[in-house]
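Q: Hi! Could you walk me through this one? I'd like to go feature by feature.

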Amino acid sequence: MKIISSIDELRDQLRGQLRTAFVPTMGNLHEGHLSLMRLARRHGDPIVASIFVNRLQFGPNEDFDKYPRTFQADVDKLEKEGVYVLFAPTEKDLYPEPQEFRVRPPDDLGDILEGEFRPGFFAGVTTVVLKLLSCVQPSVAVFGKKDYQQLMIVHNMCKQFALPTKIIAAETYRAEDGLALSSRNVYLSSQERAEAPVLFQTLNAVSNAVRDGHSLLPDLERNAMRTLADRGWQPDYVSIRKRVNLLPPSADDLVQGTPLVVLTAAKLGGTRLIDNLEI
């Protein structure tokens, strides 16, 4: 595996490759990330991964400085997966001058749910993703469904900018007890880790109620929030939305069986976890 930090060197290395499959990450890789590499291999060759902790998507009181960085362990894992190139730029490599041009998602998608609680987050995400896609110029790029809203925003961005990259959605990779794998799970204490699967259990309860015909969705959302809060969580939202655009479903949508998804974000101790479940 070649480890490259320079954009020019990366482009030289990939020149002439027409089926490159790309998996962008922020490192601290776990089995969920590695499953993305395996999915990428089914859709292209060679496989390019990136590791870059993107300062633009962190708020002033978020965990940029303490975000877990495990570069050598990440390299070992990627080599075992047969990754061809690891693009690991420094901030100076990727942002040689201040990144004054930004990509801002539309308000009706970028300022709801995660965007409401993390202002500016998605502008940071879309800006770095567009730049990474410009550097790698892949045929396909793989993103996980755990970050459901991010996946939708990236997909729509590529479509509206007519980028020649197809976005592949990967199913959320879970531990045996249902907890969605996340780099931030390392922040959980042993007691918090034992409690953490309750988030997915809560999503399942909401999903089952909707499938059983419960049509008072705001009640379901409030009850789920209360359930989490009573167990010591600090929930930001539990929200049932339409998969197609993440808008709240109408009564007609429920009658017509419009595909839905329930999304949540909640703090457990000092760790903020997100998850979702398609209904």
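A: Happy to. Keep in mind that this is a predicted model.

Q: Okay, switching to helices. How do H10 and H11 pack?
A: Helix H10 covers residues 198–211 and helix H11 covers residues 217–230; they pack at an angle of about 160 degrees, and their axes are 10 Å apart.

Q: What does that angle make them?
A: Angles over 145 degrees count as roughly antiparallel, so H10 is roughly antiparallel to H11.

Q: Is the crossing left-handed or right-handed?
A: Right-handed, as H10 passes H11.

Q: Which residues make the contact?
A: From H10 you have Val198, Leu199, Thr202, Val206, Ala209 and Val210, and from H11 there are Leu217, Leu220, Ala224 and Leu228. By class, the contact of H10 with H11 has 9 nonpolar residues and 1 polar, with no charged ones.

Q: Nice. Now H7, what about its packing with H8?
A: Helix H8 spans residues 148–160, and H7 packs with H8 at about 50 degrees, with axes 10 Å apart. The two helices are therefore oblique to each other. H7 passes H8 in a right-handed crossing.

Q: Which residues of H7 and H8 meet there?
A: On the H7 side, they are Phe121, Phe122, Val125, Thr126, Val129, Leu130 and Leu133; on the H8 side, Gln149, Gln150, Ile153, Val154, Met157 and Cys158.

Q: How many of those are nonpolar, polar or charged?
A: The contact of H7 with H8 divides into 10 nonpolar and 3 polar residues, and no charged ones.

Q: What about H1 and H7, how do their axes cross?
A: Helix H1 (residues 7–14) and helix H7 (residues 121–136) have axes that come within 8 Å and cross at roughly 50 degrees. That makes H1 oblique to H7.

Q: Which residues make that contact?
A: H1 brings Ile7, Leu10, Arg11 and Leu14, while H7 brings Ser134, Cys135 and Val136. Sorted by class, the contact of H1 with H7 has 5 nonpolar, 1 polar and 1 charged residues.

Q: Let's move to the backbone. Where is Gln137, and what is its phi?
A: Gln137 is in the loop between H7 and strand E5 (140–144). Its phi is near 50 degrees, a positive value in a residue other than glycine.

Q: One last thing: which residues does the cis peptide bond between Asp45 and its partner join, and what is omega?
A: The cis peptide bond joins Asp45 and Pro46, and omega is about 5 degrees. Pro46 sits in the loop between helix H2 (31–41) and strand E3 (47–51).

Notes:
Residues are numbered from 1 along each chain as its sequence is written. This is a predicted model: local features need pLDDT of at least 70, side-chain atom pairs count only at pLDDT 80 or more; totals for chains, interfaces and linings use all residues. Side-chain values use heavy atoms; hydrogens and water are left out. Axes are lines fitted to C-alpha atoms, for helices over the stretch in contact, and angles run from 0 to 180 degrees between N-to-C directions. Helices (H or I, at least four residues) and strands (E, at least two) are DSSP runs, numbered from the N terminus. Angles under 35 degrees count as roughly parallel, over 145 as roughly antiparallel, 65 to 115 as roughly perpendicular and the rest as oblique. A crossing is left-handed if the near helix is turned anticlockwise from the far one by less than a right angle, and right-handed if clockwise. Contact means heavy atoms within 4.5 Å. Ala, Val, Leu, Ile, Met, Phe, Trp, Tyr, Cys and Pro count as nonpolar, Asp, Glu, Lys and Arg as charged, and the others, Gly among them, as polar.
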